[in-house]
Amino acid sequence: MTELTPISFTQTDLDAIATHTGRIAVFVSPDADLTGAAAAVDRLTGGAVARMMAGDGFKKLKPGDGMTLTYPGAMAAEAVEIFVAPGSVVEQRKAGGTIGKGRGKADVVIFADDAATAAQVAYGAALRDYAFEDHKTGGTPAGGQITVMTSSPSDAEAAAAPLLAVAEGTFMTRDLVNAPANVLTTTAFADQLAEMSALGLKVEVLEEDELAKLGMRTLLSVGQGSDSPSKVVVMRWEGGTEGAAPLALVGKGVVFDTGGISLKPAAGMEDMTMDMGGAGVVSGVMRALALRKAKANVVGLVGLVENMPSGNATRPGDVVASMKGDTVEVINTDAEGRLVLCDVMWYAQERFKPAGMIDLATLTGAIIIGLGHENAGVFSNDDDFCTAFLDAAKAEDEGAWRMPLGKAYDDMLKSRVADMKNVGGRPAGSITAAQFLQRFVKDGTPWIHLDIAGVASLKSETPLAPKGATGWGVAALNRLVANRYEG
Ligand code: BES
Ligand code: MN
Ligand code: ZN
């Protein structure tokens with residue numbers, strides 16, 4: 001797993017400004033006199049900070065943005081980054097992100113004032129300081145460290161600890177989503193989750209024979225064309241009141257989606273290595289909760305399959321029975337995610353009687369047409385639960401937008417030969433996919449479906465992530481757990 005760059009919090013030592021040989025980051029308030037670390041840099045550089053701040057470029061910067069002074073005179077550092085003091089948490093993290101991105105392999109010293117700012121800047125730096133180099137020969141080994149200097153290092157460290165647990169969970173999600181499908185097979189995925197028992201999670205791997213006994217025929221129908229065995233992994237974190245109903249998180253884990261017999265076009269098919277993104281987020285959240293010892297009961301379930309064409313693959317027109325008992329006419333073998341989720345969701349409710357259930361899936365291309373890469377699609381049968389999630393996502397600056405459900409959409413799933421078909425046609429493709437899932441939600445189970453096809457992996461970088469897997473949702477779900485299920 002990609003490791004976080006080591007971060008330590010120490011008492012502010014202004015002497016380090018002259019002697020530190022790596023990079024330095026300081027914050028300034030454009031309208032106030034220079035103080036502390038920024039004033040010291042200014043003195044050592046013969047007024048360079050003040051001149052930079054007087055320039056037009058600097059005046060255009062927003063809080064949390066910065067400019068870099070390279071090889072500053074009379075300092076040992078290779079660069080000093082000067083940031084407009086961030087106000088909000090999002091701005092603090094963005095400044096951290098810039099530091100994390102610019103770091104390279106150098107040691108960084110960040111001069112932050114209060115403990116809360118120090119923790120958020122550290123979190124932003126940790127998140128952006130990520131590179132997926134598992135498969136680069138001679139990829140430069142990680143190096144360097146981040147030191148955050150503050151007036152109250154122990155408070156900063158305490159504030160940062162749960163955030164860095166989320167960063168570790170996010171790294172796990174990114175590593176899983178970035179991994180190629182010949183490496184992250186269903187077996188490799190399950191093995192990696194089983195290792196999380198070392199963190200205090202109770203992990204079970206259900207194999208094909210057990211899944212067959214449970215009646216998960218729709219899930220098994222997706223994986224039957226692949227040489228990789230289908231699996232369901234159950235991860236339980238029991239940090240809350242004993243016996244209290246858990247929150248259930250359910251993830252789509254299609255390690256590769258060729259479309260099956262309804263084969264996808266060749267162009268861009270390689271992107272379907274990320275079709276286990278829902279399972280990746282569930283795994284990362286469970287890791288974060290375990291690392292920070294969350295005082296909540298949360299169960300994570302992932303359906304791990306590979307959707308391949310073969311002589312044994314499901315055909316269009318096949319009818320399969322779900323664990324619930326309802327039958328599905330498979331019109332399009334490329335609408336496979338819902339066939340995986342419906343069985344795992346049913347199993348989650350039967351076994352755990354959850355207080356709430358959230359499924360995550362890279363489910364439809366249509367959600368990208370609707371919302372682009374800015375927002376995940378949010379579908380829910382419960383306004384209160386849904387609002388709690390949307391609030392958590394907003395606080396974490398993770399885009400999420402609620403979409404409608406309704407009977408007319410559900411009617412589009414009617415089948416001539418079975419209880420339903422697995423596609424509803426081109427119109428409202430993301431909504432009919434959600435309607436399909438809702439048929440497997442019991443009355444009285446508050447439920448949210450998150451279609452993350454547009455946000456799980458990006459072709460461009462963001463303030464807190466390089467190109468590729470984002471880890472979208474780990475922070476929002478962690479916060480939802482903290483807000484709604486702890487304390
Ligand atoms: N995994 C895809 C959805 C997807 C598309 C994820 C683009 C990420 C990026 C899903 O299994 C799929 O193929 N959906 C079909 C559904 C259709 C056949 C009803 C789609 O969106 O085209
Ligand atoms: Mn598909
Ligand atoms: Zn898929």
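**Entry 1: contact between the domains**

I looked up how domain 1 and domain 2 meet in this predicted model, and I found 14 residues of domain 1 in contact with 19 residues of domain 2; contact means heavy atoms within 4.5 Å. The bounds are 7–154 for domain 1 and 167–484 for domain 2, and such bounds come from an automatic or database domain assignment. I noted that 38 Å separate the two domain centres, taken over C-alpha atoms.

I then looked up the buried area, which is the accessible area (1.4 Å probe) that two parts lose on being put together, summed over both. Domain 1 and domain 2 bury about 1400 Å² between them, and 61% of this lies on carbon and sulfur atoms. L127, R128 and Y130 supply 43% of the area that domain 1 buries against domain 2, more than any other three residues.

**Entry 2: salt bridges and polar contacts**

I found three salt bridges between domain 1 and domain 2; a salt bridge is a side-chain nitrogen of Lys or Arg within 4 Å of a carboxyl oxygen of Asp or Glu. R128 forms a salt bridge with E461, with 2.4 Å between the closest N and O atoms. K101 also forms a salt bridge with E461, at 3.1 Å from N to O. K101 lies in helix α5 and E461 in the loop between β18 (457–458) and β19 (468–469), so this pair ties together parts that are 360 residues apart in sequence. Helices (H or I, at least four residues) and strands (E, at least two) are DSSP runs, numbered from the N terminus. In the whole structure I recorded 27 salt bridges.

**Entry 3: ligand 1**

I found 16 residues around ligand 1, the closest being K264, D275, D334, E336 and G365; a residue counts if one of its heavy atoms lies within 4 Å of the ligand. For K252, I noted 3.2 Å from a polar side-chain atom to an oxygen atom of the ligand.

**Entry 4: conventions**

Residues are numbered from 1 along each chain as its sequence is written, and chains are lettered from A and ligands numbered from 1 in the order in which they are written. Local features need pLDDT of at least 70, side-chain atom pairs count only at pLDDT 80 or more, and totals for chains, interfaces and linings use all residues, while side-chain values use heavy atoms, with hydrogens and water left out.

Technical notes. Polar contact = N/O pair within 3.5 Å; in protein donor to acceptor, adjacent residues only side chain to side chain.
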